[in-house]
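Please keep the sequence and the structure open while reading.

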Amino acid sequence: MKPLKIVIVTYNWPPRNAIGTHRPYAWAKRWSELGASVTVLTAQKHPYDAPLDLDLPPLPGVGIEEVAYGSTVAKLGGGMLRDGPTRQFAKTLIGWFRSRFGVNADIREKWQAAARQRALQLSEKSDIVVSTYGPAASHLIAFEMKQHNPALFWVADYRDLWSQRHTVELTPSHRAREREREVSTVGKKADLLTAVSHDMVEQLGKLTGKPVLLVRNGFDIEEDMLRKRLKMKASRFSAPLRLVHTGTLYEGLRDPEPLLAALAALLNEGKIAEGEISVDFYGARIDPARRLAKNPQYAPLSG
């Protein structure tokens with residue numbers, strides 16, 4: 001029996017240090033170990049994709065095809081965004097532009113046109129394509145692959161929602177346009193959808209009418225390392241109890257302040273002792289937590 005030939009279409013790939021990188025990396029690793037022939041179609045990274053310091057081991061037997069993309073604007077922007085403060089200012093400016101004008105501008109969609117020729121070639125000799133959102137270009141590339149080879153089985157994966165995403169402020173007309181793009185591509189041609197939460201499964205099912213599977217985010221750890229950790233002495237698991245959040249914080253939407261306020265109240269009431277519980281935040285966009293950590297009320301709880 002010939003091994004399955006799988007193409008993973010993902011923008012997020014090492015060295016881009018983002019939560020979304022680990023999901024397709026783990027798939028490529030494990031599917032290859034199970035005997036599949038895996039090719040990853042990704043994009044050349046730019047300074048605006050920073051941080052670019054994720055050093056994961058190379059995957060033997062997994063083909064990595066990194067497509068260069070961009071324009072004069074992208075190249076000029078890349079040059080301007082090499083230093084941290086300028087990069088942060090640019091991201092803030094893009095966020096303001098989105099909220100002010102309700103347009104979901106994403107320069108990374110230039111990747112779709114740049115990757116088209118290679119994507120269509122891969123579609124002709126593959127069995128399965130798995131695209132993971134976002135940016136939307138990932139699904140749009142897979143849609144073109146499916147059109148080119150209708151026998152290709154397309155799995156459209158969602159780590160975040162596309163047109164239904166609540167964290168992007170779009171005008172009604174632009175949201176309707178994004179909805180139409182999503183329904184006419186994923187809703188029309190995808191064979192299966194996957195999503196990271198029950199709520200997303202429900203919303204995507206209603207939007208597309210397609211079958212949707214729950215495939216949660218997780219972490220990949222070698223079995224021998226896990227065994228060693230489980231054999232650690234019980235004393236290593238004593239206080240403080242650590243509550244860990246990994247990923248992006250959205251002020252007013254995914255906001256840690258109610259949790260910190262509740263723990264601070266327990267501390268003031270003497271129901272927990274200082275140092276008994278800590279709340280740790282890891283991710284590229286955790287500025288709300290940094291600001292809260294400066295509040296004397298919450299400082300003993302956050303790390």
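## Pairing within the sheet

Strand 4 (residues 128-133) and strand 5 (residues 153-158) pair in the parallel sense over six bridges, where helices (H or I, at least four residues) and strands (E, at least two) are DSSP runs numbered from the N terminus, and two strands count as paired if DSSP finds at least two bridges between them. This is a predicted model, in which local features need pLDDT of at least 70 and side-chain atom pairs count only at pLDDT 80 or more, while totals for chains, interfaces and linings use all residues. Residues are numbered from 1 along each chain as its sequence is written, and side-chain values use heavy atoms, with hydrogens and water left out.

Along this pairing, Ser131 stands opposite Ala156 in strand 5, and Tyr133 has Tyr158 of strand 5 as its bridge partner. Strand 5 is mostly covered, since five of its six residues are buried, a term that means under 20% relative accessible area, with exposed meaning over 50% and partly exposed in between (1.4 Å probe, protein chains only).

## The sheet as a whole

Strands of a sheet pair through backbone hydrogen bonds, either parallel or antiparallel. Here seven strands form an open sheet in the order 3-2-1-4-5-6-7, and the pairing is parallel. Its edges are strand 3 (63-67) and strand 7 (212-214), each of which pairs on one side only. From one strand to the next the twist averages 20 degrees.

Within strand 1 lies Ile6, which is buried, with a relative accessible area of 7%. Leaving aside neighbours within four places in sequence, Ile6 is in contact (heavy atoms within 4.5 Å) with Trp31, Ala36, Ser37, Val38, Thr39, Ile128 and Val130. The C-alpha atoms of Ile6 and Ser32 are separated by 9.3 Å, although these residues are 26 apart along the chain.

## Helix 1 against the sheet

Helix 1 (residues 19-33) packs on the sheet, touching strand 1 (5-9), strand 2 (37-43), strand 4, strand 5 and strand 6 (192-195), and its direction makes about 170 degrees with that of strand 1. For such values, axes are lines fitted to C-alpha atoms, for helices over the stretch in contact, and angles run from 0 to 180 degrees between N-to-C directions. Helix 1 has 15 residues and reaches 22 Å from its first C-alpha to its last, close to the 21 Å expected at 1.5 Å a residue; the expected span is 1.5 Å times one less than the number of residues.

The buried residues of helix 1 include Gly20, Thr21, Tyr25, Ala26, Trp27 and Ser32, and also the charged-side-chain positions Arg23 and Lys29. Their cover includes strand 1, strand 2, strand 4, strand 5 and strand 6. After helix 1 comes Gly35, whose phi is positive, near 110 degrees.

## Helices 6 and 7

Helix 7 (residues 198-208) lies across strand 5, strand 6 and strand 7, running at about 175 degrees to strand 7. Helix 6 (residues 172-189) packs against helix 7 at an angle of about 85 degrees, with their axes 10 Å apart. That angle makes helix 6 roughly perpendicular to helix 7, because 65 to 115 degrees counts as roughly perpendicular, under 35 as roughly parallel, over 145 as roughly antiparallel and the rest as oblique.

On the helix 6 side the contact is made by Arg179, Glu182, Val183 and Gly187, and on the helix 7 side by Leu204, Leu207 and Thr208. These residues divide into three nonpolar, two polar and two charged, where Ala, Val, Leu, Ile, Met, Phe, Trp, Tyr, Cys and Pro count as nonpolar, Asp, Glu, Lys and Arg as charged, and the others, Gly among them, as polar.

## Loops and cis peptide bonds

The peptide bond from Pro14 to Pro15 is cis, with omega near 15 degrees, and Pro15 lies in the loop between strand 1 and helix 1. Another cis peptide bond joins Tyr133 and Gly134, with omega about 5 degrees; Gly134 has its place in the loop between strand 4 and helix 5 (136-148).

Phe219, in the loop between strand 7 and helix 8 (223-230), is exposed, with a relative accessible area of 68%.
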